[in-house]
Amino acid sequence: MGGPMERVIHLTVNGDERTVAVRPNDTLLDVLRSKLGLTGTKRGCDLGDCGSCTVILDGEPVKSCLVLAAAVDGAKVETIEGLSADGQMHPLQASFVARGAIQCGYCTPGMVMAAKALIDRNPDPSADEVKEALGGNLCRCGGYQRIIASVQHWREGAAGVEPETQEGDREYQVVGKSCPRSDAPAKVTGSAVFTEDIVLPEMLCGRLLTSPHAHARVVSIDTSKAAALPGVKAIITGKDVSDVLYGVSPARYDEYVLAKDRVRFVGDEVAAVAAVDEATASRALELIEVEYEVLPAVLDAFEAMADGAPLVHDHPRFASNINTRVDHDFGDIDKGFEEADAVLEQRFVGNFVYQSPMEPHCSIAQWDHSKGAVTVWSSTQVPHYLQKQLSRVLELPMAKIRIIRPYVGGGFGGKAEATALDFCSVYLSKITGRPVKMVYTREEMFLHSRGRHKQYMDLKIGVTKDGKITAVDFTSILDGGAYTSFGVITAYYAGFMIPTLYHIPSYRYVGRRVYTNKPPCGAMRGHGVPQPRFAFESLLDMLAEQIGMDPIDIRMVNAMDPNTRTVNDLDVLSCEFKATLDDVRERSGWDGKRGRLPLGKGIGIGCGGFVSGAGYPIYRSSFPHSNAILRILEDGEGATLLIGAAEIGQGCETILLQMAAEALGLDFTDITMGDCDSAIAPIDLGSYSSRVTLMGGNAVKMAADDVNRKLYPIVARELGCEPEALASGGRRIYVREAPHLGMEFAQAACRYFSANGPLVGTGYYQPPPNLGGDFKGATVGTSPAFSFGSSVCEVEVDLETGKVKIVRFTDAHDSGTVINPLTYHGQVEGSIVMGVGEVLTEDVLFDEGGRVANGNLHDYLIPSIADAPEIVSTAVPSYEPRGPFGAKEVGEGSMVPVLGSIANAIYDAIGVRITELPITPERVLEALRARRAKG
Ligand code: FES
Ligand code: FES
């Protein structure tokens with residue numbers, strides 16, 4: 001057994017004796033996943049930074065990516081699969097499920113194994129002991145406090161968790177009630193299959209060669225040495241791929257699958273290889289010889305706009321490297337500033353933030369020459385747009401491209417567009433006739449990026465002495481990187497969302513998105529909005545101080561009201577923003593703390609909200625944005641929901657099932673989600689712009705209503721009443737005014753099937769027509785509904801070190817009807833912790849050559865469990881008339897208030913305002929020094 005370089009080792013894995021041949025460099029993670037098929041253990045970084053690969057080795061938790069397999073011959077290994085070997089969840093796993101500690105689930109197996117090692121040696125750990133034990137396990141989705149509670153209460157399993165019911169004036173049976181996520185058991189036991197976990201017969205490994213230069217002409221590429229390497233099956237370069245450009249916005253398609261003649265950032269894709277294994281593919285990349293003529297690069301947005309700057313794209317429409325221009329002017333801004341009693345203006349600077357989902361992007365393609373068709377498994381947030389782009393670029397009908405979305409380990413916008421992995425895996429599979437899997441390394445994720453644009457924001461606000469806003473003038477320069485990605489929309493969102501939160505009678509916005517020779521920026525949670533909102537909330541506090549007004553009072557004076565058309569023609573229907581302000585004021589103890597805390601302690605407020613789905617699709621089309629099919633099983637005892645929506649960790653699968661169950665009068669567990677497979681599930685535009693709850697939910701509700709429309713006449717005939725007199729609930733269809741009269745749902749469904757064949761309901765959602773005004777760009781930023789929220793943050797600042805500790809967040813949101821309080825609060829908590837990272841530590845840095853200087857999870861600091869603040873989250877009662885059961889979004893809007901609230905709390909603590917993100921200890925100390933110098 002074993003090749004020349006291999007040696008045989010013996011392991012006891014989850015109680016079973018295993019014998020495997022390993023090569024000297026094989027890690028324990030490689031062996032578990034590739035040789036033993038135990039894919040529950042995840043690969044997040046391969047560098048020991050994320051903890052996703054944690055297993056227990058001879059009783060100790062280890063990061064299996066750091067352990068050489070050959071060095072642990074004879075060891076005993078416990079993996080996530082062993083924890084529920086008898087088919088029953090361990091109480092620790094049940095506790096994670098019941099307490100809502102799981103979102104995308106990619107970190108979960110590692111987190112659970114680290115926790116298992118802890119409780120094995122200390123069955124009753126304190127919160128601090130949990131934090132210490134799990135300090136090396138990163139989660140990007142949640143707020144960590146549910147993980148801490150799950151570990152501390154592990155013995156109880158699911159017991160002792162009281163389901164929460166959302167308060168509201170409408171009575172529902174399934175909607176509004178906490179229930180554990182439908183996908184949580186699979187995720188906590190390691191059986192959930194993510195794209196990288198898929199193994200197909202004869203599958204090849206694909207890898208990308210990327211540019212080492214920020215800007216260069218590709219003079220020649222010689223692949224002969226690489227092609228001669230045994231095990232290399234195919235190599236492609238720019239000349240082998242389509243001449244069709246792709247991207248996100250049809251007006252700005254500007255990317256080739258592989259560089260044709262020019263590379264525009266360090267990481268731009270140049271060639272791709274398919275080989276029998278990863279080592280061979282990597283060796284082949286080293287053997288490809290590329291001759292570059294290095295060109296001058298621009299790495300700064302302002303330098304890029306300067307006269308004579310090198311052009312990133314030569315097209316005349318991108319003169320001065322300006323990729324997108326927005327010039328909006330609403331109301332009489334000069335008059336507005338004249339009417340103001342106080343006017344302040346200030347420059348704010350944001351940071352380049354990367355989504356950092358725990359799951360690296362992965363794509364597998366399998367070309368079928370007999371059908372001239374391809375199947376693609378992809379970790380995508382947008383299966384439909386991926387299918388559309390593949391169709392355009394490959395010039396294949398969409399019917400020949402089947403997209404399957406397995407479980408996705410987080411996206412936050414970073415997986416909201418087609419990648420070179422998707423395209424190249426298809427090309428390589430077509431050439432080789434074999435399936436090809438391609439995965440980004442953690443560093444390649446940073447290079448591919450599509451992270452948050454760094455914005456340079458000049459903001460001017462005028463208010464009356466009573467705090468009423470009279471005018472706002474806002475200019476933002478967005479550093480866009482080398483390609484457009486979502487950037488046109490980002491540039492519009494950055495300015496367009498400002499007037500949704502407060503009444504603003506006059507408003508001017510100038511936006512310039514600029515090409516630079518850096519990785520392209522795209523859509524990240526809150527898309528374009530968090531940084532401008534940070535600026536706005538900061539300047540509003542500065543104005544409040546100038547006119548002697550309380551920060552919450554000035555917000556209350558200006559707060560948006562329901563049924564308002566904003567100055568930029570956005571229609572706000574439901575709006576309980578003022579209720580969120582009242583709520584956080586009271587629950588945070590604001591009045592007793594604001595202005596009364598000692599130096600070094602502070603409290604601040606920030607507010608924000610977001611769209612509940614974009615009013616218009618990314619490309620012009622007239623088809624519905626969400627579509628759903630409900631198929632009732634033939635015995636009537638259950639249903640399958642088919643929808644192309646993308647569950648990426650946010651919990652949409654669970655809430656869509658809840659809404660289907662509510663409308664059909666069934667239990668949540670009666671309905672199963674069908675695979676997200678374009679061959680069977682109808683189009684949904686995907687998970688971006690916080691659209692699934694409202695749009696997917698409306699389609700699902702309509703599909704359920706369609707089923708009811710088919711069943712009610714059967715029941716009405718039996719009962720001798722009109723169908724309109726009937727209602728559904730408790731797995732029955734009954735007379736609304738006489739509930740004891742009715743028929744079991746299953747019986748009615750069987751009767752329908754016997755008489756008519758399959759019982760299927762279909763539904764679709766199309767946003768209201770003509771949303772927005774009629775000026776250029778008026779469609780961007782429109783939405784059927786908007787969310788609103790307020791966050792109060794409390795901080796402690798160490799005046800010696802400059803380190804900021806987030807002590808507590810008190811958050812209240814208006815998200816309409818809350819479908820599932822458990823998943824809802826999980827989303828809010830995750831947003832807040834992500835926001836904490838964005839304000840305090842996260843910043844993608846570049847060296848002078850344009851290379852990402854911190855493209856790993858060791859140097860790019862996302863919050864760990866040690867940073868987890870206490871979070872108290874509330875949903876205020878609200879009902880959105882355009883939402884299914886009154887619901888609207890929460891996943892992105894809850895991120896938006898965080899930045900301003902922390903910045904304002906830091907100001908309250910130290911008396912100096914920091915206007916540039918991230919607010920690092922160095923910046924805090926510098927600000928304190930400057931204040932001291934001023935006296
Ligand atoms: S994969 Fe091992 S720590 Fe990230
Ligand atoms: S649930 Fe932890 S990374 Fe997604």
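This is a predicted model: local features need pLDDT of at least 70, side-chain atom pairs count only at pLDDT 80 or more; totals for chains, interfaces and linings use all residues.
Local features were taken at pLDDT of at least 70 and side-chain atom pairs only at pLDDT 80 or more, whereas totals for chains, interfaces and linings use all residues. Residues are numbered from 1 along each chain as its sequence is written, chains are lettered from A and ligands numbered from 1 in the order in which they are written, and side-chain values use heavy atoms, without hydrogens or water.

Helices are DSSP runs of H or I with at least four residues, and strands are runs of E with at least two, numbered from the N terminus. The largest nonpolar core holds 190 residues. Such a core is a set of buried Ala, Val, Leu, Ile, Met, Phe, Trp, Tyr and Cys residues joined through side-chain atoms within 4.5 Å. Buried means under 20% relative accessible area, exposed over 50% and partly exposed in between, with a 1.4 Å probe and protein chains only. F96, F536 and I902 have the most contacts inside this core. Helix α24 gives it the largest share, 9 residues. A second, separate core has 52 residues, including A645 and L726.

Helix α24 (residues 896–910) is largely enclosed by the rest of the structure, because 14 of its 15 residues are buried. G911 follows α24 and has a positive phi, near 75°. The axes of α24 and α23 (residues 821–840) come within 9 Å and cross at roughly 55°. The two are therefore oblique. Axes are lines fitted to C-alpha atoms, for helices over the stretch in contact, and angles run from 0 to 180 degrees between N-to-C directions. Angles under 35 degrees count as roughly parallel, over 145 as roughly antiparallel, 65 to 115 as roughly perpendicular and the rest as oblique. From α24, the contact (heavy atoms within 4.5 Å) is made by V898, L899, I902 and I906. On the α23 side, the residues include S831, I832 and V836.

F96 also belongs to a helix contact. L92, Q93 and F96 of α3 meet residues of α4 that include T108, M111 and V112. The axes of α3 (residues 91–98) and α4 (residues 108–121) come within 10 Å and cross at roughly 130°. This pair is therefore oblique as well. Beyond four places in sequence, F96 touches residues including I147, V151 and V188.

S864 lies in the loop between α23 and β33 (870–875). Its relative accessibility is 14%, so S864 counts as buried. Apart from neighbours within four places in sequence, S864 contacts G135, L138 and Y144.
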